[in-house]
Amino acid sequence: MTVRIVIADECDLTLRGIGAILEAQSGYQLVGAASAWQPLIALLEQVQPALVLYADSFVGIDALTLSERIALAAPHTKRIVLGAAADGALISALLDAGVRGYLYRADSLGDLLITALEMVTRDRLYLSPTANTEYLLSLQTQAHQWQLDEEARAVLRLLTQGYAPGQIAIQLGLRPRRVYWVRLKLRRRFGAATNEHLI
């Protein structure tokens, strides 16, 4: 049985590389690719593939929110994230959101990609070596217990774009005190002493 796959990444070279790996393997069919998150959602609604492999970072959306939107667009599609962050708390949150695999970009993905596809296709979790280590470390701390909700992710996204707390409050329709509180929780969650460290 052929496994139909959609891939998404802002980097064209990554898309071509993954596409070439898939073409060299029997049992997998690349049925679509996207370089932005909005076309990805539209493609998934139309194609409903067995599996989607997508980046954790697209302009205008964070990994958790994107994962939630993918689940709504293609509820039976298994999800693997191609991530730039070796953050155990984030990986834990993604797994809680139904993601079945996480491949850390700095790991040797050429060797790991097919293993990840095979495991996730069989409905098993797969984390690349670095991602697995960070995930296990996060389970040993208390920091992962506060889950990043949509509000916290929105605040964090705007912080990374250079907005000050007052500007974030206006954009999100929150009281400034609320933004400061969320920022403090984010710092504690990630063990960051400053905004720069958090970002």
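Q: Is Gln 48 buried, partly exposed or exposed?
A: Gln 48 is partly exposed, because its relative accessible area is 34%, where buried means under 20% relative accessible area, exposed over 50% and partly exposed in between (1.4 Å probe, protein chains only). This is a predicted model, in which local features need pLDDT of at least 70 and side-chain atom pairs count only at pLDDT 80 or more, while totals for chains, interfaces and linings use all residues. Residues are numbered from 1 along each chain as its sequence is written, and side-chain values use heavy atoms, with hydrogens and water left out.

Q: Where is Gln 48 found?
A: Gln 48 sits in the loop between α2 (37–47) and β3 (51–55), where helices (H or I, at least four residues) and strands (E, at least two) are DSSP runs, numbered from the N terminus.

Q: And what is phi of Gln 48 near?
A: Phi of Gln 48 is near 50 degrees, a positive value in a residue other than glycine. Most residues other than glycine have a negative phi.

Q: New topic: where is Leu 22, and is Leu 22 buried or exposed?
A: Leu 22 belongs to helix α1 (residues 12–23), and Leu 22 counts as buried because its relative accessibility is 2%.

Q: Which residues does Leu 22 touch, not counting those up to four places away in sequence?
A: Leu 22 touches Ile 5, Ile 7, Tyr 28, Leu 30 and Leu 117, where contact means heavy atoms within 4.5 Å.
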